[in-house]
Amino acid sequence: MKITPRVFSGMQPTGSLHLGNYLGAMVNWIRMQDTHECIYCVVDLHAITVWQDPVELRDATRQVTAAYIAAGLDPAKSILFNQSQVSAHAELGWIFNCVARLGWLNRMTQFKEKAGKDREQASVGLYAYPNLMAADILAYRATHVPVGDDQKQHLELARDIAQKFNNDFRDRIVAEGFADGIFFPQPEPVITGPATRVMSLRDGTKKMSKSDPSDLSRINLTDDADTIAKKIQKAKTDPEPIPAEAEGFKGRPEAENLVGIYAALADEPVAKVLAAFGGQQFSGFKKALAEVATDKVGRIGDETRRLMQDPAEIDRILAGGAGRARAIAAPVMEKVKDIVGLIRS
Ligand code: TRP
């Protein structure tokens, strides 16, 4: 049971993925398929840490799966499944509840944000969420975790949990044949991507977000070509022309954002985009941007809708992925039980 390079990441089944998700995470995941063994998980157990309508949850799980496949995630190459089908996540999550310390979780900024003022009313699951996330990763002894920068703190916690487990059970781990005392690796965040920060089309200082009340602030992966063109047309800009160099972005977050989006979608460096469009008005640039955006995003939307016409096929894909995931996680869980002292048959 050697530790080998392995990628794990998870996405929440929220149903409404947007351009920020695509350029910030999905593109990266899809790229890594060619170089690594990859496990990608639709984290439905994480979703229910806040209330989810059961009918909508199923639909959103299929929707997210379809969108990832439409964007280029290949379920034959990578393992793609929904979390709740592999019991190792919840089992190891419980064990990690007993490894992680209250003091560690009390520092998690995302819990504070999500729980808001009425912390007494937050679910226990929302509080323990980072332990489950650590279990997601470590049930496969994954080494690389492509995530957005908002997940950095959770990943540090996963590293702390791995280390404390290795320390607490050191003698047992060595007795089980891990001579160096290392059972869980230290998973590393991979925070890169063509555009890690895609901003709102209405306010260049705010991240593009599914919770923004204005739908004009984001490009959803399900938007059709007309909608995408209209949103780009209406995107906030300033009266100045496009700068010729990146220094010209100072104090112009909307300009920087639109040019950044173009560069990421066209897979070109920002400098090259500025060399082509510098000095021009936004009206012409927006037409060019609408063209690349409808080409890429419109295609993903069309393909997602096509896949969603056959939900049974999506369920089959998830079931197949779950089987492959279980085959990796099951022997890890057996070792964990032996290490911790839990009798198994
Ligand atoms: N917490 C992550 C998010 O909200 C999703 C997630 C759950 C995840 N488990 C994970 C990401 C494991 C990476 C690895 O985006």
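This is a predicted model: local features need pLDDT of at least 70, side-chain atom pairs count only at pLDDT 80 or more; totals for chains, interfaces and linings use all residues.
## Helices α11 and α12

Helix α11 passes helix α12 in a right-handed crossing. A crossing is right-handed if the near helix is turned clockwise from the far one by less than a right angle, and left-handed if anticlockwise. Residues are numbered from 1 along each chain as its sequence is written, and side-chain values use heavy atoms, with hydrogens and water left out.

The axes of α11 and α12 (residues 270–277) come within 9 Å and cross at roughly 110°. Therefore α11 counts as roughly perpendicular to α12. Axes are lines fitted to C-alpha atoms, for helices over the stretch in contact, and angles run from 0 to 180 degrees between N-to-C directions. Angles of 65 to 115 degrees count as roughly perpendicular, those under 35 as roughly parallel, those over 145 as roughly antiparallel, and the rest as oblique.

## Two other helix pairs

Helix α11 (residues 253–266) also meets helix α1 (residues 19–32): their axes come within 11 Å and cross at roughly 55°. That makes α1 oblique to α11. The crossing of these two helices, α1 and α11, is left-handed.

Helix α4 (residues 88–97) packs with α7 at an angle of about 125°, their axes 8 Å apart. This makes α4 oblique to α7. The crossing of α4 past α7 is right-handed.

## The shell around the ligand

Helix α7 also gives the most to the shell around the ligand, with four residues. Both α7 (124–138) and strand β1 (7–11) supply at least two residues each. In total, 13 residues surround the ligand, and Gly10, Tyr129, Met133, Asp136 and Gln151 are the closest; a residue is near if one of its heavy atoms lies within 4 Å. The shell divides into seven nonpolar residues, five polar and one charged. Here Ala, Val, Leu, Ile, Met, Phe, Trp, Tyr, Cys and Pro count as nonpolar, Asp, Glu, Lys and Arg as charged, and the others, Gly among them, as polar.

## Polar contacts and cover

A polar side-chain atom of Tyr129 lies 2.7 Å from a ligand nitrogen atom. For Asp136, a side-chain N or O atom is 2.7 Å from a nitrogen atom of the ligand. The protein covers 90% of the 360 Å² of accessible area that the ligand has on its own, as given by the Shrake-Rupley method with a 1.4 Å probe.

How values were computed:
A polar contact is a pair of N or O atoms within 3.5 Å; within protein, one must be able to donate a hydrogen and the other to accept it, and residues adjacent in sequence count only if both atoms are side-chain atoms.
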